[in-house]
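Here is a short briefing on one chain. It covers charge pairs, a surface patch, the core and the fold.

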Amino acid sequence: MAELVRQSEIDFRTLRAHIRAELERLPQVSVGHLLEAYPAEQGLGSVVGYVALGARHGELTPGSEQVRWIGGDGQQRRDVRQRSLT
């Protein structure tokens, strides 16, 4: 049961901790960088969470990047993102 709840709720606390840890090392990070440093434990939920946090607290930077993650079914996924977190 706990696993089903975990899959349905985005773990913003962990995502924020990942962002803070990377921003202590670097002046700016992107969603793609975060997904490379911290694989998407919640699949698309992690991606959506990083994008939501970026939209709320980050700044839009020129250009775009392709982000990759492994879905809950074990398949590799990808999308194009334009947000950076600074």
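Which residue forms a salt bridge with Glu22? Arg25 does, and the closest N and O atoms are 3.0 Å apart. This is a predicted model: local features need pLDDT of at least 70, side-chain atom pairs count only at pLDDT 80 or more, and totals for chains, interfaces and linings use all residues. Residues are numbered from 1 along each chain as its sequence is written, and side-chain values use heavy atoms, with hydrogens and water left out.

**Salt bridges**

- A salt bridge here is a side-chain nitrogen of Lys or Arg within 4 Å of a carboxyl oxygen of Asp or Glu.
- Side chains of opposite charge can pair when their charged atoms come close.
- Arg25 and Glu22 both sit in helix H2, three residues apart, or about one turn of the helix.
- Arg25 counts as exposed, at 59% relative accessibility, whereas Glu22 counts as buried, at 5%.
- Buried means under 20% relative accessible area, exposed over 50%, and partly exposed in between (1.4 Å probe, protein chains only).
- Asp73 forms a salt bridge with Arg77, with the closest N and O atoms 2.6 Å apart.
- Asp73 is partly exposed at 48%, and Arg77 is partly exposed at 33%.

**Positive patch**

- Arg13, Arg16, Arg20 and Arg56 form a positive surface patch.
- Patch residues have over 30% relative accessible area and no salt bridge, and like charges are joined within 9 Å.
- Lys and Arg count as positive, and the place of an Arg charge is taken as CZ.
- Helix H2 (residues 12-25) gives the largest share of the patch, three residues.
- Arg13 is found in H2 and is exposed, with a relative accessible area of 71%.

**Nonpolar core**

- The largest nonpolar core has 13 residues, of which Val31, Leu35 and Tyr50 touch the most other members.
- H2, helix H3 (31-37), helix H4 (44-57) and strand S2 (59-70) each supply at least two residues of this core.
- H4 gives the most, with four residues.
- Such a core is a set of buried Ala, Val, Leu, Ile, Met, Phe, Trp, Tyr and Cys residues joined through side-chain atoms within 4.5 Å.

**Fold and burial**

- The chain has four helices and three strands.
- From the N terminus on, the order is α-α-β-α-α-β-β.
- Helices (H or I, at least four residues) and strands (E, at least two) are DSSP runs, numbered from the N terminus.
- Of the 86 residues in the chain, 31% are buried.

Notes. Patches are made of residues with over 30% relative accessible area and no salt bridge: like charges are joined within 9 Å, nonpolar side chains (Val, Leu, Ile, Met, Phe, Trp, Tyr) within 5 Å. Accessible areas come from the Shrake-Rupley method with a 1.4 Å probe; for residues, only the protein chains shown count as cover.
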